[in-house]
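Morning, everyone. I have one structure to walk through today, and I'll keep it quick. Please bring it up on your screens.

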Amino acid sequence: MPITIHSEKKLFHLFGKTFSYVLYVDEKGNLLNLYWGRKLPDGDVTYILKEFRGGASFDSEYSRLPFELPTVGTGYFGMPAVRARNEQGNDVTVLTYDSCAQVSGKPALSGLPAVYAEADGEASSLVIVLRDALTGLIARLKYTVMENLDVLTRSVELENGGSENLNLTNMLSASVPLPGNEYDILHLKGGWARERRIVRRPIGEATTRVESRRGASGHEENPFMAVLTPDTTESQGEVFAMLLIYSGSFLAATEVSNFENSRLSIGLNPDVCSWLLAPGETFQTPEALLVHSAEGLTGMSRRFHETIRTRVCRGYWRDRERPVLANNWEATYFDFTEEKLMAIVDEARKIGVELFVLDDGWFGKRNRDNCSLGDWVCNMEKLPCGIGGLAKRVNDAGLRFGLWFEPEMISPDSDLYRAHPDWCLHVDGRARTEARQQLILDLSRKDVQDYLIGALSDVLSNASIDYVKWDMNRNMTEYFSGAQLPERQNETQHRYMLGLYRVMEEITSRFPKVLFEGCSGGGGRFDAGMLYYMPQFWTSDDTDPVERLCIQYGTSLVYPPCTMGAHVSASPNHQTGRATAFKTRCDVALGGNFGFELDLSKQTPEDLATAKEAVELVKEVRKTLQQGQYTRLENPFTGNFAAWQFVSSDEREVVLCAYQRLTMPNAIAHRVRMTGLDENARYVDQETGETYSGAALMYVGLPVGYLRGDFTSRIIRLKKA
Ligand code: DGJ
């Protein structure tokens, strides 16, 4: 069991293959975090407590203690992980140790996405119960070690065991002290069409907040934050990382105390979420996934990738090879007819595409983005045979059929809105702020959830639909609900997420073989919460391959390539105007779930031949691309090249992908050094037949350029001899 409890000392040692996490209950009943880091033989590090207690201080000793669940009013002045206001109007909460229980396996979190175990032996769980004697607040701290995946999960369940209401205003999922302040921080910042840019800088002296208040995890930040030792590179250095398995507003933060110790926290964003906890009620926080790596960023990403790919993503498609698709969005936008679509399908079939996806514009009277969201009825003027008829034509052509929805939205110009103007998030008496000329359905309401489950089920059961693109194109402004009591209004954002998760759970279990791909104006809700319901996500609306190098590279810090939608689009690119070769576009899209997003019926024979070759290659190597081990090799944020490699799970196949931004005349060929290969094995280049030792590929490197022309690329396929 990777959890040891020294009950006489009240010491808890949780450990994975390479990390330890040590908790201790002091003589006053405070639960303290003594250590998170490289694995220890046993967890007894209580000797470090002296350092927190000794020395003169203006503050009480509580200000120094490394609390595992800091609260308010005890003398600790950092950010509280739990803050509960009682009916006397104060937040003082003194949580002390009550009991603990060890559980084999991993209990599910009701209504929330979370890491799961498929067999009890995969996971060991511990629940530590703390209690406030005065208010009756009970905190159950839930930990699970996924031993093989080498990760720890952490969440908190809060119960009102008293007789008066409590108003929860901070409910963080994890908050861990770290010794000293010699660290860098790392997070993924961005915006629409430039998601998940890697930001790294010193932790500094002040608090840093990485957050969303938008009612979605957002384009701007990802619910992920890491603290690194300054020497950290891809292959060395110590990394402490947290990921929130949640799709709504969040807060991740680092603090540096006046004692020059640090703390990393993650959870719901207290600015936009509080919760009224009546006597007897419980509140479950989202789950945080904690990763420690002593082997730099590669070690961190491996743990995230394996956990997300195999124990966050679920269902029929989790381990299946994902189809090559063609999506009509950038090919036609709203301007399509059945014949135009079928012309694309015909070309798609010829080059080996397996799935055709009809994007926005098929329903109501939607010819622009100004109407009809909510009216999920086929526009028979555009598609005279209906969705069922079109799906049949696509199937007859030999492709599967997929359909776009934006289920959470409602257009003011829609029959649904005319019938139910109160079904959107709004505040009576105030204007309803529109974004992309649409409003958001109030999914905190059960009647709205039920309507949505019914409306989607109708469309999905009446046509042969094998894939759904679930889009979401605006964030919450008036995030309040007409159906809630005034004292519960600030719960709306989180209640919305719980409602959304209920709808998604219901729809994905009613249609278990449908492949769902999440989307939010590109990658605006690319998070582990969504991936629990939908195993892939549209990475970005920016399909320019040069931009995509950074977007996909940044995304890969946390999320495995099999979760990233990546499509070949037109040149010049619609977002940037940049012209690139067809092959480069294919080679970049090969770094994720491969597809096309351009009018295949209008491409030159040469480009179609390149497309066909690319599809053939993808089909040959996609098991390796989607289920193998991915490693970043060269960073496009800092250099002229980008490179990454995939190694199949049996380690026999290796795919090296190398990209060059600008060419340089009269240069010596650039060499990419690979990693994690078998030093003594021989690897054969499948194109040239040349063989190399693993050691040479790793230490000498493989020449890949300088390639002639800007924005060029090479895909090199190697097999172990
Ligand atoms: C935003 C998505 O990211 C696009 O791919 C496309 O589906 C549009 N919405 C359709 O409105």
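Phe-711 sits in the loop between β37 (702-703) and β38 (712-720). Keep in mind that this is a predicted model. Phe-711 is not a glycine, yet its phi is positive, about 55°. Most residues other than glycine have a negative phi. Is Phe-711 buried or exposed? Phe-711 counts as buried because its relative accessible area is 16%, and the cut-off for buried is under 20%.

Glu-651 has one of about 65°, and Glu-651 is not a glycine either. Look for Glu-651 in the loop between β32 (641-647) and β33 (653-660). Glu-651 has 48% relative accessibility, so it counts as partly exposed.

One more backbone point. Which peptide bond is cis? The bond from Ser-571 to Pro-572 is, with omega near 0°. Most peptide bonds are trans. Pro-572 belongs to the loop between β29 (564-568) and α11 (582-589).

On to the ligand. There are 13 residues around the ligand. Asp-359, Asp-360, Lys-469, Asp-471 and Asp-541 come nearest. By class, the shell splits into six charged, four nonpolar and three polar residues.

Here are the atom pairs. In the side chain of Asp-541, an N or O atom is 2.4 Å from an oxygen atom of the ligand. For the Trp-404 side chain, an N or O atom is 3.1 Å from a ligand oxygen. Asn-473 places a polar side-chain atom 3.4 Å from a nitrogen atom of the ligand. How much of the ligand's accessible area does the protein cover? On its own the ligand has 300 Å², and the protein covers 97% of that.

Next, helix α10, residues 545-555. Of its 11 residues, 10 are buried. Among them are Pro-545, Arg-548, Gln-552 and Thr-555. What caps the N-terminal end of α10? Asp-544 does, with a side-chain oxygen 2.6 Å from the backbone nitrogen of Val-546.

Then the packing. The largest nonpolar core has 191 residues. Inside that core, Leu-358, Trp-362 and Phe-596 have the most contacts. Helix α7 (residues 446-461) gives the largest share of this core, eight residues. Set aside residues up to four places away in sequence, and Phe-596 still touches a list including Val-324, Ile-351, His-567, Phe-582 and Val-615. There is also a second, separate core of 18 residues, including Val-654, Ala-681, Leu-697 and Val-704.

First up is Ser-274, in the loop between β17 (262-268) and β18 (275-277). Ser-274 counts as buried because its relative accessibility is 12%. Its side chain makes a polar contact with the side chain of Asn-490, at 3.1 Å. Beyond four places in sequence, Ser-274 also touches residues including Asn-167, Met-171 and Glu-491.

Then Lys-28, in the loop between β3 (19-25) and β4 (31-38). Lys-28 has 44% relative accessibility, so it counts as partly exposed. Which residues does Lys-28 contact, leaving aside neighbours within four places in sequence? Glu-61, Tyr-62 and Thr-96. Lys-28 and Tyr-97 are 69 residues apart in sequence, but their C-alpha atoms are 8.7 Å apart in space.

That's my tour. Over to you.

Note on methods: Residues numbered from 1 in each chain as written. Predicted model: local features only at pLDDT ≥ 70, side-chain atom pairs only at ≥ 80, totals over all residues. Heavy atoms only, no water. Near = heavy atom within 4 Å. Polar contact = N/O pair within 3.5 Å; in protein donor to acceptor, adjacent residues only side chain to side chain. Areas by Shrake-Rupley, 256 points an atom, 1.4 Å probe, with all protein chains shown as cover. Nonpolar A, V, L, I, M, F, W, Y, C, P; charged D, E, K, R; others polar. Buried < 20%, exposed > 50% of the residue type's maximum accessible area, 1.4 Å probe, protein only. Helix = DSSP H or I, 4+ residues; strand = E, 2+ residues; numbered from the N terminus. Core = buried A, V, L, I, M, F, W, Y, C linked by side-chain atoms within 4.5 Å. Contact = heavy atoms within 4.5 Å.
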